Amino acid sequence: MNGNGNKSVKIGVYVCHCGTNIAGKVDVKALAESAAGLPGVVVSREYKYMCSDPGQDLIVKDTKQFGLNRIVVASCSPHLHELTFRKTTANAGENPYLFHLVNIREHVSWVSDDPAAATEKAKALVKAAVARVFWHQELQPRRVPVNPSVLIVGGGIAGIHAALTLASAGKPVYLVERKPSIGGHMAQFDKTFPTLDCAACILTPKMTSVKQQPNIHLMTLAEVSEVSGFVGNFKVKVKRYPRYIDEAKCVGCGECIEMCVYKEGKYPNDFDLGLGKRKPIYMPFPQAVPPVPLIDPATCIEFKSHKCPKGCVEVCGDRDAIDFSQTVKEVELEVGTIIMATGFKTFEPRRLPQYGYGKFPNVYTSLEVERLVNASGPTLGQVVLRDGRRPEAIGILHCIGSRDENTNRYCSRVCCMYSLKLAHLLKEKTGAHVYNFYIDMRTPGKGFEEFYKRVLEDGVSFIRGKVAGVTTWAQSPAEEGKLILRVEDTLLGVVRRIPVDMVVLSVAMEAQADAENVRRLFNLGCSAEGWFLERHPKLAPVDTFTDGIFLAGCCQGPKDIPDTVAQAGAAAAQSMSLIDKGYVEMEPNTAWIEEELCSGCHVCVAMCPYTAIHFDADKKVAVLNEALCKGCGTCVAACPSGAAQQNLFRDEQLFAEVEGVLV
Amino acid sequence: MSDGFNPLIVGFFCNWCTYLAADLAGTSRMKYAPNVRVVRTMCSGRVDPQMILWAFSHGADGVLIGGCHPGDCHYQEGNYKALRRTALLRKMLTQFGIEPERLRLEWISASEAERLRDVVNEFSEQIRGLGPLHLRPDVREEVVAA
Amino acid sequence: MSRVSFVRKVKYEKELQRDVAAEVIATPGGEKILSCLQCGTCGGACPLSVYMDHTPRRLIGMLREGFKQEVVESFAIWLCASCYECTVLCPAGIKVTDVMYALKRIAIHEGIYPRRFPIPVLAKEFMEMLKGTGRNNEFWLVLRVLLKTAPMKLLTSWPLGLRLWRRGRMCLIGSRIPKPAGADLRRMLEVLEHGNASDVKPSNVTPSQGPDLLPGGAVSRVNA
Amino acid sequence: MASTRAYTYFPGCCMHGFARHCQDSLYAVFEDLGLELRVLPEWNCCGATTYMSVDEHQAFALAARNLALAEQIGLEILAPCTACFMILKKAQDYLARYPEIRAKVDRALSAIGLRYQGTARIYHPLEILLRDVGLKGLKARVKQPLRGLNVAPYYGCLIARPYALSNGVTLEAFDQFIPALGANLVDFELKAHCCGGSLTGTIEDVGRRLVYILLRQAKRAKADVMVTVCPLCQLNLEAHQGKIQRQYGEDVTIPIPYFTQLIGMALGLSDKSLALEKLLVPIRWQPVEKGAAAAQPATAA
């Protein structure tokens, strides 16, 4: 008996060279020859690129010519090309599941030093696959309908762009943002490189569209708390935190803020990174969407003592939008696909004490400086130091928290360009002499190099060398009262001491602090640095390993605004392609229970995490609901009688494979 | 290999974490010992103790199971089931005259290619140190039957 | 106006000795020099880089490219006070201090340093003294180093010695470890030196014959 | 003190020579606080920062011999010289991380019947004082608060760098022992800047310049004394003040006590037991009269 009844099994084995990727290490000829001698193998070939059209044609032709009914391809990871060759098998007129892929690239040629050992290993894996495929059966993929609603997590430029794209195509969108307003980091920026467009001028119209677009359901001050289900049919719980102002009733006039007992702002404003002050009732920033203020219960007198005259309530009058009784609410959503656009955080420079951030008041982060140069920022665009002075010399330090084994090894990609932008803006606004300290200048984008040239021509000093530290100990009167940067000018070959009034730390982009929790919530992969893992770095950059969940923007890795927008569009398109198809095909790897073999021991019932198995009291056997089964196979492993089996991973298949690898 | 004994190890890697870590080790061109032969399962929870015994009785000198970290299982808790099963099986192995160290369970996430490399290298060395597994023929039959 | 003279400077590949990088990489702490970004953090951080002919960054760069002669003859390696500031800050994780130690060892081993230059002499005298007594006595160490490098300095150094002497902070009879332990110690060092426990006299490194060190000036290769 | 804690004391070579006063005061303070120091028998020189320039394996073996001897005793090791402290810790780190060094050192040690395990715990005495006596404990034992004395802390490089200090201990935490003694803590930015080490004796101009930078900065920060935790820093900073003054034409006179001398003064120990007279630059500080000191709690500063 084999997987196909008693019909004789005819196996074709195809070994891919993958150029030199495989053939450079594995002796592909010997591999194909050894496979030819395995039981059931009718034809065994090697070819330069199996995944190419001629390669696939070879399989189709052979299948017809030799009457093959099993195909084994030895090439790369099934995560890359399993689908490709299943289609080839189907094109050849055979059931696509009568195929098995052997990974001799990622698991063999790329990780082995010794060609002989690599060839041995590849032979064993191919032998196992031949033994396994013998037991393969014809299967049909399952079809599941796709709910057209989309959940977008994060309302920065990535989330906004994806939401608008989907909504304008008529798809219902839930946009969930943790902060009181959408806009994300881009709303905090002054100008954008390299065109020096005003960030607010290009972002705020999009933010307003979000509010106006009827297909977008915007939820601010909200966080996803639970995700269940699977592609096409996710169930999501969202926690909505109280704003204490009814969004439906508020007209955004701001009179309540005027009437607060605090005449001036007193508490550090989040949006201005503490450089500006706000009242307990406040608008996050003037162009916030929704354009509704919020009350911070931690600082509001009414919450603390219940003794506030409540000028805000009084002035709101009949509109009656202020509601101190709001509480946390949880809503449940049903969506078919999810786009993650949770963004990034900036590096905390206190981790590198040598730069004196937090110790010397005039050491700033680049994001703080964005607020300082911004016309609507806390200083109305005046660049003045914390002591009110105008800086005469400014040092901008690149790579703070990037390209550093002590912090993050990766390059944050945008720092060179935003540092150039800040150099230009700071010079323009203050006339100060600006120094940029860089390791390598990275300007590989459209118009970027031209911008670098422009800043060079501005007369900004570019010093190739990483500043070792910021100190205040002066060696000469000229250094008194200054921040002194000690640096090796690596191009000129001298050590320099440069006194400045203001230090700007070009901080790295990092994964959000709670990326690990969010990743678990959505069952995503994460790189060691905390960035969400895409399905394939080149060919599936917005997909994830969880079907139906896509990535947009910096949650996947540092990137600039155009790349973020492009990726958000791609994520929206991927989501739409699922919605418009209307259904998804699921891997037919579900389990089933052979009634005659079931002894009714109940073991499998407790094993299933999806309650897909119940016990039929009449028949005294376990019954599996295929619609609920996700195909993990845990019940199969637990079944003492062999009654539980799993498609594509049946006992016969796995046992044959194990035996096969043990040459 | 120069010192004669080249251990054979069967690796049962779950599709979502450890298999992907092995893929990443490949794309990162990390080099590691060629002794582990990978059998892919959807979840480490699919790894049947019988399958492990089957491997030992068919010539494996070691078995390495790779799953997602606790709390990260693609199927919620299959990895916990694997953990319990291996713990139990280890006790049984001693009775068959198989050193329990020949069976190893590791949590390796999709991004931990370096860890995968280190575990494979370390385990290969450890098994090399233990020497080949010589199952007595009668035990072998017993194991196959188990 | 004085005459302008032109010096032709070019480095030919055949003059390079790339194996010197391999030698440093092979010593513990030196393994990461290939990941140097040439960012200059080490040179900026080093309290002594302002006195160096080549900053640590340049040394690592030259090492990678096989400029052995320049590296080993560099005055900079002797200026390193091993304060480890560079090692702590290096973004590439290079243990720069250990690299400097490795270079000093190569230089001492090959005898490339100026005659009467005190630091290598100090290192070797230190080692000899330890082999003798197991411990170090500053008085005798300084005396021996000065005698070998700059006897005239004894004249300028004696006032400090006297001040310490008066306060009981100068110990002429060195502390030493008890005899059997001393023999143990020598035996241990010999095992490392010769790979066996036989009683072989430690080899003595011959100091090179060369010009005295010029302050801040170049050190030329002298034993070629 | 009810129970006596004991530690293995690794003196290092200079404690018998130019740093006699450091050792005297260390003993006095530890005894007063009920902490016992037991000298590591048959200790040898740690190899210092010099030996590594000649032979790295021998250098590691020298440190490992001490550690192996200390492991037999089992007590925590105190190394009051920061060079010894750092070298011992570095050796421990490297022996754990590089099997090839470990193998060589193991072979050399076994030739003399010793075994190194890597279990020794190495501390600087200040670390131990802050851990086992604590700031509160120290404050409580202060009999003679150093009121009005401006103290700049200077740690030098080796205690602050890669192999230094137990997890989580920072120099800023170290600083706190100064206010605990009733003195004023001077914000001294260069507290971990290198003093030049042996350069003061080999390339004197350069060495002296480094010392000058430190002294000048301490004077500018209005420090009355600069307290050190390393005997070599201590010597470097005090021994060259005269020459520096002549060379740079700037008054850089400032007493450089070792930290146990300063602590001992606050504990009310005698000048003699603290070997204050052995300092090249004497400390001129008059204790506030007993009555006045008693009237104000020591924590006031």
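Q: Contact means heavy atoms within 4.5 Å, so which of the four pairs of chains that touch has the most contacts?
A: That's chains C and D. This is a predicted model, where local features need pLDDT of at least 70, side-chain atom pairs count only at pLDDT 80 or more, and totals for chains, interfaces and linings use all residues. Residues are numbered from 1 along each chain as its sequence is written, chains are lettered from A and ligands numbered from 1 in the order in which they are written, and side-chain values use heavy atoms, with hydrogens and water left out.

Q: How do you know which chains chain B does not touch?
A: No contact joins chain B to chain C, and their closest C-alpha atoms lie 17 Å apart. Chain D has no contact with chain B either, with closest C-alpha atoms 15 Å apart.

Q: Why is helix α10 of chain D called largely enclosed?
A: Because eight of its nine residues (231–239) are buried. Among them are D:Pro231, D:Cys233, D:Leu235 and D:Glu238.

Q: What makes strand β2 of chain B mostly covered?
A: Six of the six residues in β2(B), 36–41, are buried. B:Val36, B:Val38 and B:Arg40 point one way, B:Arg37, B:Val39 and B:Thr41 the other.

Q: How do you know that β1(B) pairs with β2(B)?
A: Pairing takes at least two DSSP bridges between two strands. Six bridges join β1 (residues 9–14) of chain B to β2(B), so by the rule of at least two they pair. The two strands run parallel, and B:Ile9 stands opposite B:Val36.

Q: Which residues bring α1(A) and α5(A) together?
A: A:Ala30, A:Leu31, A:Ser34 and A:Ala35 in α1(A) meet A:Ala122, A:Lys123 and A:Val126 in α5(A). Helices α1 (residues 28–36) and α5 (residues 115–133) of chain A pack at about 35°, axes 10 Å apart, where axes are lines fitted to C-alpha atoms over the stretch in contact and angles run from 0 to 180 degrees between N-to-C directions.

Notes:
Helix = DSSP H or I, 4+ residues; strand = E, 2+ residues; numbered from the N terminus. Contact = heavy atoms within 4.5 Å. Buried < 20%, exposed > 50% of the residue type's maximum accessible area, 1.4 Å probe, protein only.
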